[in-house]
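Please examine the sequence and the three-dimensional structure shown below.

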Amino acid sequence: MKNRLRKVRYVLRRYRRISQLSVLALLILSPYLRIFRFDIPTTSLYLFGMRLWIRHVFVFALLLTVVIYVIVVLSYLFGRVFCGWVCPQNLFNELVRSWEARFGRTVTLLLSALIGLFGGFVVWSYGTDGLLLLRQYAAGQVPPGPTLTILGMGAFFTAAMAWWRTGICRVACPYGHLQSVLSGPATMRLQVLNLPGNRDICATCGLCAEICHMGVDPRTPNQRDCVTCGDCLDACQLVSDARKVPRVLNFVVGEAGQAVPVGFRGQLLRNLRPVLPRTVLPGLLAVVLTSVTAYALATRPLVEVVVAKDHRTVMTSGGVVSGGSVMRVSVVNLSGVTETYRLRAEGLPPGWAVFEQEELTLQPGERADVILRVIPRSPEEGSFPFEVVVVGSVTGAEGRFRSVHVIGR
């Protein structure tokens with residue numbers, strides 16, 4: 001049987017490896033290229049090279065909702081395709097199985113430990129600056145907190161690859177449990193199809209079950225753990241070619257008595273009808289939310305301005321509130337670059353607004369306060385609405401805050 005497994009031509013696996021390795025490379029590079037990374041010390045988030053702050057967290061929530069809707073639609077249609085074609089755990093499940101057969105248990109454990117430590121470092125980099133930690137290690141410094149955390153995550157990943165393996169997918173993975181709820185008769189699955197005349201040509205050799213790294217027998221209805229990898233189809237093709245008969249194992253869609261292979265267009269579309277209503281709404285919502293997310297990213301505020309009465313400063317200086325108005329202008333740099341801001345007041349008569357400082361230079365995420373004194377130059381009474389305007393010299397970002405100065409009762 002082992003010799004026959006080596007003869008299997010893995011047609012789908014080549015495409016699956018491209019997908020898995022591409023996703024793995026993206027996951028490894030994302031925190032360092034700032035495609036996606038949290039920065040816990042500054043409570044910010046990097047997304048596609050843009051730096052987002054707490055004020056922008058709704059954008060991340062929208063994007064996460066889009067991902068959930070896409071996963072729901074794919075699960076309705078294709079089952080656990082995310083596991084077989086995207087998830088790194090499944091990739092390493094397959095690789096470790098191959099390493100043990102080729103190199104033995106000791107080498108497999110060593111490779112698992114090295115990959116686990118590297119994985120722990122990558123996960124750490126998603127929460128803080130991993131390159132800075134590397135520079136500390138290069139300088140001979142060993143920060144205890146990050147080091148212990150990476151070792152702990154490395155031990156977990158090592159155990160997941162070398163011991164737990166597919167148990168993670170069966171027991172702990174939330175997506176696996178979600179799929180058992182989402183799947184239905186129209187969800188793609190594996191089935192042995194007989195030839196016309198109900199002629200059963202399955203060789204019952206068991207090669208399809210032997211090759212499955214998830215331990216699924218595709219000839220049975222119990223396919224909850226199937227990750228749609230397609231290896232069993234290639235195994236069945238090997239045996240069928242040797243017997244000079246058509247391959248009987250296929251991915252199918254539809255009820256048991258009316259199931260048709262994927263690729264048979266006319267009947268396939270009819271069999272997909274029951275699941276389409278369940279996918280149209282999530283699909284449309286994913287498109288709408290993607291557009292909203294893109295708009296929110298493009299129009300997100302890059303500076304925050306807040307103006308409030310500052311009675312504390314007046315009391316500390318021994319002044320009187322009635323002789324003028326003292327306000328505190330708070331400016332927060334919400335961009336990802338160092339920015340210089342100019343402050344001005346619009347709407348007040350000339351000479352009434354006096355800023356303690358008319359120009360500020362702030363680092364990303366930095367906040368600064370400037371005192372604004374409104375000193376009337378005439379005895380007239382009434383309400384004088386105005387706006388404090390802050391304009392950045394680098395990004396051109398503009399922030400405004402409306403206020404009012406009242407003279408008299």
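**A guided reading of the model**

Gln 191 has a relative accessibility of 18% and therefore counts as buried, since the cut-off for a buried residue is under 20%. The model under discussion is a predicted one. Gln 191 belongs to strand β4, which covers residues 189–192. The side chain of Gln 191 has a partner in Arg 189, with a polar contact of 3.3 Å joining the two side chains.

Phe 48 has a phi near 55°, which is a positive value in a residue other than glycine. Phe 48 sits in the loop between β2 (44–47) and β3, and because its relative accessibility is 53%, Phe 48 counts as exposed. Thr 204 likewise is not a glycine, yet its phi is positive, at about 50°. The loop that holds Thr 204 runs between β4 and α11 (207–211). With a relative accessibility of 59%, Thr 204 counts as exposed.

Aromatic rings provide another kind of contact. Nine aromatic pairs are found in a search of the whole structure. One of them is formed by Phe 36 and Phe 38: the ring centres are 5.3 Å apart and the planes stand at 75°, so the pair is edge-to-face. The reasoning rests on the angle, because planes over 60 degrees apart count as edge-to-face. Are these two residues buried, exposed or partly exposed? Phe 36 is partly exposed, at 22% relative accessibility, and Phe 38 is also partly exposed, at 35%. Ring pairs link Phe 36 and Phe 38 with Phe 60 and Tyr 126 into a cluster. A ring can also have a charged side chain over its face, as Tyr 10 shows: Arg 13 lies over the face of Tyr 10, at 3.7 Å from the ring centre.

Attention now turns to charged side chains that meet one another. How many salt bridges does the structure hold? There are 21 salt bridges. In one of them, the side chains of Arg 51 and Asp 39 meet at 3.9 Å, N to O.

Arg 105 counts as partly exposed, at 34% relative accessibility. Glu 100 is partly exposed too, with a relative accessible area of 28%.

Asp 369 and Arg 328 also form a salt bridge, with their closest N and O atoms 3.8 Å apart. Because Asp 369 lies in strand β12 (residues 367–374) and Arg 328 in strand β8 (residues 325–333), the pair ties together parts that are 41 residues apart in sequence. Asp 369 is partly exposed at 33% relative accessibility, and Arg 328 is partly exposed at 30%. Elsewhere, salt bridges that share partners join Arg 344, Glu 346, Glu 387, Glu 398, Arg 400 and Arg 402 into one network.

The last topic is the pairing of strands. Strand β9 (residues 339–346) pairs with β11 in the antiparallel sense, over four bridges. Within this pairing, Glu 339 stands opposite Leu 362 in β11. Which residues of β11 form its covered face, and which its uncovered one? In this strand, which spans residues 359–362, Leu 360 and Leu 362 form the covered face, whereas Glu 359 and Thr 361 form the uncovered one.

Key: Residues are numbered from 1 along each chain as its sequence is written. This is a predicted model: local features need pLDDT of at least 70, side-chain atom pairs count only at pLDDT 80 or more; totals for chains, interfaces and linings use all residues. Side-chain values use heavy atoms; hydrogens and water are left out. Buried means under 20% relative accessible area, exposed over 50%, partly exposed in between (1.4 Å probe, protein chains only). Helices (H or I, at least four residues) and strands (E, at least two) are DSSP runs, numbered from the N terminus. Two strands pair if DSSP finds at least two bridges between them. Rings of Phe, Tyr and Trp (its six-membered ring) pair if their centres lie within 6.5 Å; planes under 30 degrees apart count as stacked, over 60 as edge-to-face and the rest as tilted. A charge sits over a ring if NZ of Lys or CZ of Arg is within 6 Å of the ring centre and within 35 degrees of the ring normal. A salt bridge is a side-chain nitrogen of Lys or Arg within 4 Å of a carboxyl oxygen of Asp or Glu. A polar contact is a pair of N or O atoms within 3.5 Å; within protein, one must be able to donate a hydrogen and the other to accept it, and residues adjacent in sequence count only if both atoms are side-chain atoms.
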